Amino acid sequence: MSSLGKELQQTIRNLETLRDSQTPPSDDAIEKLDVLYGQQIDLIDAAINQNTEKYKAATASLKEAAKKTKEAIDDLAKLEQAIEKVANAIGKVTELLAEVA
Amino acid sequence: MKKKLVLIAAGLLLAVSISGCGLTSKQIVKTQSFGTATENIGKLGEEEFVNIRNGIIEMNKELIAIDNTKTASDLNFDRPTTPEATAARIAATKALKSYGELLVKLATEDRTENLQKVANSLVNNTAVALKKDLSDEKKGAINKIIVGLGSFWVEKKKADAAKEIIPAYEKPVNDLADLLVEDFSLEDGSLGYIKAYDTTARRLKNASMRLVNAGSQYSVLERDRAVHALVLSEISISRASEISKKASKVIGSLKKANTELVKLINEESYSTDDIKIYAKQIQELANMFQVLAN
């Protein structure tokens with residue numbers, strides 16, 4: 001299984017936890033989740049070559065996003081920073097997906 | 001007269017010895033049991049791939065209806081379960097169904113004899129699903145199936161065919177099972193059909209939550225639509241989880257039982273507990289599909 005897929009799943013799970021811990025949920029979290037779900041569908045649909053720099057960059061970026069969202073679960077003050085990391089990861093995955101489109 | 005009696009006795013002796021070359025009662029019962037269970041897993045899988053695709057289309061319709069940020073370019077309602085991708089999955093389940101059906105026909109008194117039709121379906125669907133032609137050895141085993149009227153000759157030939165086909169098909173059946181494992185896995189990093197279904201449901205839940213939690217910002221009609229979408233998404237998430245759990249267990253059992261059947265065919269005294277467990281799990285899966293029907 002792709003490690004990119006695993007990191008993406010972990011980021012989604014953490015962001016869902018953050019969304020559900022807030023009343024009302026953060027619009028940022030909802031918007032980013034929508035994009036991440038869309039990217040997960042795109043990844044299922046695409047034949048991704050794992051041996052490219054873009055794949056590695058996207059995976060590393062998602063790993064960072066997963067880490068920061070986990071930290072934000074424990075300390076909500078870190079949410080903004082986590083959302084930034086998620087946005088960055090989304091950008092890297094978009095670049096990767098654009099290559100196979 | 002004496003010569004005639006000797007000939008009759010010799011004929012009877014030959015008949016008894018030929019009958020003895022068939023399958024033992026244990027081999028017949030277990031081949032039937034495995035065949036029926038495999039036929040059912042094929043049928044259930046075939047229906048489920050269509051259900052997953054229909055479910056994704058339905059959820060995406062709801063998503064577009066409640067999320068006004070989505071545009072016409074987002075209208076790939078069936079993504080990633082396109083007709084081509086779904087047809088490839090259905091070929092795999094049809095191959096399993098045909099294999100199960102063939103084993104049942106070989107192990108029973110069934111003389112309706114559309115064996116060749118079932119055998120052809122098995123060969124063709126296996127080749128499509130695994131994206132490669134079967135080896136001559138496997139095709140040869142299938143081609144040995146005899147179409148004809150019932151007699152002990154036919155029973156013996158059926159038994160011979162079963163003894164060749166079951167070992168020859170051990171690997172293709174395991175390969176078909178492996179294709180299904182990915183499609184019914186919700187593990188992190190898996191990229192199959194049930195994951196796509198679950199992700200679509202989560203996306204719909206995410207979008208509907210925003211409206212449901214927005215208080216008086218939306219009209220009663222908009223809110224009603226969002227609540228409908230939220231309920232649909234929750235049901236689908238729970239359905240995906242249940243199906244994934246049961247299906248993964250059953251597919252694992254299919255592989256174990258497949259190996260056990262090969263050993264039983266080669267060595268009568270082999271234990272058959274895994275086949276029993278597999279047949280029971282298929283029944284549980286069928287019951288659960290009924291409960292979770294769309």
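**View 1. B:F184 sits in the loop between α7 and α8 of chain B.** Welcome to a predicted model, in which local features need pLDDT of at least 70, side-chain atom pairs count only at pLDDT 80 or more, and totals for chains, interfaces and linings use all residues. Residues are numbered from 1 along each chain as its sequence is written, while chains are lettered from A and ligands numbered from 1 in the order in which they are written. Helices here are DSSP runs of H or I with at least four residues, strands are runs of E with at least two, and both are numbered from the N terminus. Is B:F184 buried or exposed? B:F184 is buried, because 24 other C-beta atoms lie within 10 Å; the cut-off for buried is 20 or more such atoms within 10 Å of the residue's own, with exposed meaning 12 or fewer, partly exposed anything in between, and C-beta atoms placed from the backbone. Beyond its neighbours within four places in sequence, B:F184 is in contact with B:G192, B:I194, B:I243, B:S244, B:A247, B:S248 and B:I251. Two residues are in contact if their C-beta atoms, placed from the backbone, lie within 7 Å. B:G45 is 139 residues from B:F184 in sequence, yet their C-alpha atoms are 9.8 Å apart.

**View 2. B:K195 lies in helix α8 of chain B.** This lysine is buried, since 27 other C-beta atoms fall within 10 Å. Which residues does B:K195 touch, not counting those up to four places away in sequence? They are A:I44 from chain A, plus B:S185, B:L186 and B:S190. For B:K195 and B:S185, 10 residues apart along the chain, the C-alpha atoms are separated by 6.8 Å.

**View 3. Helices α7 and α9 (residues 220–266) of chain B pack at about 175°, with their axes 10 Å apart.** Axes are lines fitted to C-alpha atoms, for helices over the stretch in contact, and angles run from 0 to 180 degrees between N-to-C directions. The angle makes α7(B) roughly antiparallel to α9(B); that label is for angles over 145 degrees, while under 35 is roughly parallel, 65 to 115 roughly perpendicular and the rest oblique. On the α7(B) side, look for B:E170, B:V173, B:N174, B:A177, B:L180 and B:V181. Facing them from α9(B) are B:S248, B:I251, B:L254, B:K255, B:N258, B:T259 and B:V262. Seven of the contact residues are nonpolar, four polar and two charged. Ala, Val, Leu, Ile, Met, Phe, Trp, Tyr, Cys and Pro count as nonpolar, Asp, Glu, Lys and Arg as charged, and the others, Gly among them, as polar.

**View 4. Helix α4 (residues 115–130) of chain B crosses helix α7 (residues 170–183) of chain B at roughly 50°, their axes coming within 10 Å.** This angle makes α4(B) oblique to α7(B). The crossing is left-handed, a term for a near helix turned anticlockwise from the far one by less than a right angle, clockwise being right-handed. B:T126, B:A129 and B:L130 in α4(B) meet B:P172, B:D175, B:L176 and B:L179 in α7(B). By class, that contact has five nonpolar, one polar and one charged residues.

**View 5. Helices α3 and α4 of chain A pack at about 160°, with their axes 8 Å apart.** The angle makes α3(A) roughly antiparallel to α4(A), and their crossing is left-handed. Among the residues that meet are A:Y55, A:A58, A:L62 and A:A65 in α3(A) and A:A82, A:V86, A:A89 and A:V93 in α4(A).

**View 6. Helix α1 (residues 3–21) of chain A has buried residues that include A:L4, A:L8, A:I12, A:L15 and A:L18.** What covers the buried residues of α1(A)? The cover includes α2 (27–45), α3 (53–74) and α4 (79–100) of chain A. The 19 residues of α1(A) should span 27 Å at 1.5 Å a residue, and the end C-alpha atoms are 27 Å apart, which agrees; the expected span is 1.5 Å times one less than the number of residues.

**View 7. The buried residues of α2(A) pack against α1 and α4 of chain A together with α8 (193–212) of chain B.** Including A:L33, A:L36, A:Y37 and A:I41, they also number A:K32 and A:Q40 among them. Where the chains meet, 17 residues of chain B are in contact with 17 residues of chain A. The chain B side has five nonpolar, six polar and six charged residues.
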